[in-house]
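Please look at the sequence and the model below before reading on.

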Amino acid sequence: MSNHRRIQVSESNDVTVIRFVDRKILDEANIQELGQELFQLVEQDRRPKIVLNFTDVEFLSSAALGKLITMDKKAKQHGSQIILTNIRPEIYEVFAITKLNRLFNIKDDEADALAVF
Amino acid sequence: MTAGDPVWRLETSLASRLGAHLSLTAQIASTLQAHGWCENEIFGIQLALEECLTNAVRHGNKEDDAKRVHVRCEISGRRFWAEIRDEGSGFRPEQVPDPTEEENLTAVGGRGILLIRSYMTDVTYNEHGNCVTLLKVRQNPGRTPAK
């Protein structure tokens with residue numbers, strides 16, 4: 001296990017739940033670091049089921065969306081499933097405008113995500 | 001708010017370093033809040049500014065220390081206006097692929113311009129392609145302001 005600076009990782013059976021440390025995912029250096037920590041979950045740790053809980057996230061830029069898309073690609077390569085949850089309406093609108101709500105599996109909350117797994 | 005509201009004006013330039021704009025966008029957000037703009041309106045303006053300023057630094061000035069990003073901004077209770085100009089060679093926004101097309105949906109980049117246009121009333125680029133002007137006019141300036 002490595003130390004994470006941009007995410008908090010918890011586990012429940014075979015499901016990994018991720019929460020984001022930054023309320024505003026903006027700073028370029030932080031976004032790079034966030035990307036590496038997310039990619040590690042699928043590439044090195046090979047976690048099969050991942051919930052990305054956005055409850056603490058108030059703002060994110062398109063650069064952060066890029067990291068989520070790359071993570072999704074890597075997850076598909078490694079057979080991991082990712083579900084996004086607890087996205088506040090303003091952030092969900094960003095996913096809707098970019099039509100990324102069609103790319104990602106998005107559920108209201110963790111309980112809904114766990115039911116899918 | 002009324003048309004007679006005072007207009008807040010800013011003119012500055014930023015270093016071509018990613019993150020150099022963060023205090024400016026925070027200042028603009030708090031100014032919008034002080035002028036009675038709603039949280040979701042401020043969210044959209046901040047996002048548009050974030051994308052414009054990041055584009056100017058990364059794609060316009062290519063993080064060249066010798067170049068600056070020039071910003072002008074005006075805020076009133078019903079109108080947000082900003083001009084962001086870099087010192088790069090410019091680009092043609094119409095040549096950026098539509099990120100919502102099926103074949104582009106998994107592309108890592110290319111969403112900034114779409115987001116900028118989505119949250120603004122009007123967005124214009126100069127002919128050279130190195131200067132973008134943003135305008136947002138509030139439709140309901142009497143709504144509950146941000147907390």
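In this predicted model, A:Arg5 forms a salt bridge with A:Glu33, and their closest N and O atoms are 2.5 Å apart. The pair links distant parts of the chain, since A:Arg5 lies in the segment before strand E1 (7–12) of chain A while A:Glu33 belongs to helix H1 (residues 28–43) of chain A, 28 residues apart. A:Arg5 counts as exposed because its relative accessibility is 55%, over the cut-off of 50%, whereas A:Glu33, with a relative accessible area of 22%, is partly exposed.

A second pair in chain A, A:Glu43 and A:Lys74, also meets in a salt bridge, and here helix H1 of chain A is linked with helix H2 of chain A across 31 residues. A:Glu43 is partly exposed at 27% relative accessible area, but A:Lys74, at 18%, is buried, because buried means under 20%. In chain B, B:Arg92 forms a salt bridge with B:Glu94; B:Arg92 is partly exposed at 47%, and B:Glu94, at 55%, is exposed. Salt bridges with shared partners also join A:Arg5, A:Arg6, A:Asp22 and A:Glu33 into one network. Over all chains, the count comes to 17 salt bridges, and the table shows some of them.

| Salt bridge | Closest N and O atoms |
|---|---|
| A:Arg5 and A:Glu33 | 2.5 Å |
| B:Arg92 and B:Glu94 | 3.2 Å |
| B:Glu102 and A:Arg102 | 2.6 Å |

The pair B:Glu102 and A:Arg102 joins chain B to chain A, and the count between these two chains is two salt bridges. The contact takes 22 residues from chain B and 24 residues from chain A, and the area buried between them is about 2,000 Å², of which carbon and sulfur atoms give 66%. On the side of chain B, B:Phe43, B:Leu105 and B:Val108 lose the most area to chain A, together 27% of what that side buries.

Which residues of helix H3 (residues 112–119) of chain B are buried? They are B:Gly112, B:Ile113, B:Leu115, B:Ile116 and B:Tyr119, and, seen down the axis of the helix, they fall within an arc of 160°, so they line one face. What covers these buried residues includes parts of both chains, namely helix H2 (62–78) and helix H3 (89–97) of chain A together with helix H2 (39–60), strand E4 (122–125) and strand E5 (131–137) of chain B.

Methods. Residues numbered from 1 in each chain as written. Chains lettered and ligands numbered in written order. Predicted model: local features only at pLDDT ≥ 70, side-chain atom pairs only at ≥ 80, totals over all residues. Heavy atoms only, no water. Buried < 20%, exposed > 50% of the residue type's maximum accessible area, 1.4 Å probe, protein only. Helix = DSSP H or I, 4+ residues; strand = E, 2+ residues; numbered from the N terminus. Arc of directions from axis to C-beta. Contact = heavy atoms within 4.5 Å. Buried area = accessible area lost by both parts, 1.4 Å probe. Salt bridge = Lys/Arg side-chain N within 4 Å of Asp/Glu carboxyl O.
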